[in-house]
Structures are given as structure tokens and as C-alpha cells.
Amino acid sequence: MQMVCLPRLSRVAVCGGTHGNELSGVYLVRELLKVKKGVMEKEEEQEEEEPLSVLKVLSNPRAMQQCRRYVDTDLNRCFTHATLNGLTSGTVPYEMIRSRELNAMLGPKGRSGAVDLVCDLHNTTANMGLCLIAYSDCDWICLHIFRHLQRKMPDIPMRYIHFEVSNKESYSLDSVGKHGFAMEIGPQPHGVARSTVYTAMKAGVQHMLDWVCFFNSGTLFEGESVDVFTMIKHIDYPRDSETRNITAAVHPHLQDRDFCPLHPEDPLFQTFSGETLRYKGNEPLYPFFINECAYYEKGIALSLARKRRVLIPTIRVQTEQEQAAHVQELASEEEE
């Protein structure tokens, strides 16, 4: 693959508290906000013409105050183009109002004025280690950041999850930036802070910001291959046909085995009467978000992904001339 030259990343947003009871991101962003000049940005050590601007955002303050996932509706499902640009009439859920405020602050989504990179911090109750979740399997910025984190944090299980959703239909806060991902770390119960999980998140954010500084300063990042897990489908819990009550739990052989291959006929659920229900798929797939607490209300017991190897090209930052041409090209696209 040929080398790819990409625009400088001048503005990065680190967001926590999109879900008010996922506490690692809440406490980490609060810590960052305490430091006026942003120690994590290492501004004193960087002699760049344009120092990196890092916005630290507490996304859902009302939910944080109540230590709840959300107040009225899930904020992390409120960033589709339709929701952001729809008419408001009657009583509007708080999170819809907040999503438009965040879009004005960090976006507008899909426009040239949006921040260059959004890193939205999340916790999961599932045994997933550290995951980057993104809407693209060919966003070379996000994939190189992922590879950098893998190298810098070799003791932490790390995966890149791809949700194949269009820009208009992408629904989470990280989709507002020109590049973006959720940094999801678990297992951690909601409403609880675990030191090991917080420390891993803090290190991940630091390494991400370091990478951005290296990239902006002209560092060449060599191409290589990475594993990408593309989400294929969700599986709900077995339910009573009349009451819709759940009739089984995740099988003990599957619980906590996120990203271990699930083969046809492997145990999937164990009913409350003791029966084993088996996976009836046609191919081995990789389960993740297994028994995630917050997904009971969404009708998701686990998600299944297909793993493949993706070749990411060598990249470097654009020169001033290349950047000017890129800006002109974007302006022409927006006029159309």
C-alpha cells in the first residue's frame, strides 16, 4: 500500500460521563479539568507552532449527578443526523437537548468545523479488556492509535471493534468528530470505580494524546496488519412468549469469555429450569458485551463479530501545501 498523508489533528476532545454511571471516564475527565494547562497535553515539552488543543468534556452532567446511565433516554444513541437536525416540539428528552449542545460544541457532525478526534470514555460490565469501538475499518488514524496502544500496553487485552454503520446513522458521541472512537474498558460494575480499570483508561488516554503529538510533529508511522472485529448481529435472551420475561441466563461456559470463538452447538444459555440452549449459528463468531448489564433493556444478551486481518498503510501528517489543498477540497464538498 502507498503512504497516506492525512491532515493535522489540531483539536482533540476527551469525553467522560456520556453514561453517568460509568465512573472511570467521569473521574478521569474531572481530574483533567483540575489542571488548567493540561498536564496530559505535555504542552511544556512540545515546541509546536500550533500546540494541541484538548477539550475535556463531561457529557451528561445530570445523569452523572444521579449516577444513572441516563435521565430520559440514552445520550449515546442521540447523535444520528435525524436526531441532531430534527424539529423540536413538545417535551424534549434532556439527552436530546444535550446531544445538540454537544454537537454545537464539538461539531457540527460531518462538517469541516468539527473537532479532529473524539475519544469518548466508557465502562462495560463485560470482560472485554480495553476496546476501541469505531464506525470505520479504514480510518487509518483510529487504527494507528489502536496499534500504538497495543504496543504501549502489552499486558492489557485490547481489541478494535467495528460497527458497520453509515455516517448519517452513526448514533454515538464519538461520531461527531472527523475521527472518533469509544474507549470501552471492563469489567467494572456500573456506579463503581475500580483502580485498575481507571489506571488503564488513564494510560490509554495518555498514549492516545502522545500519539497525536508524534503524528502532528511529522513522525512516520509504518503500515502493518491488525485484527478487526466487525459486529455481525446481536442475540437476545430467551423470553417467555407471553410475558416477555427472560427465561435463561448466559451459560457458565460462555460467561466472561468475550472474544473467544463461539462455535455452532457450543453452550449459549442455561434456562432457569436447568436446560442448556446451544448456539445455532452456521459459523464460528466472536462474542462480546457478554451479559452487559446496561443491555438488558435493549434486548441484547451478547453481540457477535467476525474477525479479519486489516492492512493499515504507512501514514504521515500533510505538509502545509497538502493541508491547504485538502481544506479547499472540503470547502468545495460542503458547497455541493
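Hi everyone, this is a short tour of the packing inside one protein chain. Please keep in mind that we are looking at a predicted model.

Let's begin with the nonpolar cores. The largest has 46 residues, and the members that touch the most others are Leu121, Ile145, Phe181, Met183, Met208, Trp211 and Phe215. Helix 6, residues 195–216, gives this core its largest share, eleven residues.

Now for the aromatic rings. The structure has twelve aromatic pairs. Take Phe229 and Phe259: their ring centres are 5.0 Å apart and their planes meet at 65 degrees, so this pair is edge-to-face. Phe229 sits in strand 8, while Phe259 is in the loop between strand 9 and strand 10, so the pair ties together parts 30 residues apart in sequence. Phe229 is buried at 5% relative accessibility, and Phe259 is buried at 7%. Both belong to a cluster linked by ring pairs, together with Phe163, Tyr286, Phe288, Phe289 and Tyr295.

For context, UniProt has an unreviewed entry that lists residues 225–307 as "domain: AstE/AspA barrel-sandwich hybrid". In our model that stretch is 0% helix and 37% strand, with its end C-alpha atoms 13 Å apart.

One last stop: Asn60, in the loop between strand 3 and helix 2. Is Asn60 buried or exposed? Asn60 is buried, at 0% relative accessible area. Beyond its neighbours within four places in sequence, Asn60 contacts Gly17, Thr18, Arg69, Tyr70, Leu75, Tyr94 and Glu95.

Notes
Residues numbered from 1 in each chain as written. Predicted model: local features only at pLDDT ≥ 70, side-chain atom pairs only at ≥ 80, totals over all residues. Heavy atoms only, no water. Helix = DSSP H or I, 4+ residues; strand = E, 2+ residues; numbered from the N terminus. Buried < 20%, exposed > 50% of the residue type's maximum accessible area, 1.4 Å probe, protein only. Contact = heavy atoms within 4.5 Å. Core = buried A, V, L, I, M, F, W, Y, C linked by side-chain atoms within 4.5 Å. UniProt positions renumbered as here; feature names shortened; annotations may be inferred. Phe/Tyr/Trp six-rings, centres within 6.5 Å; stacked < 30°, edge-to-face > 60°.
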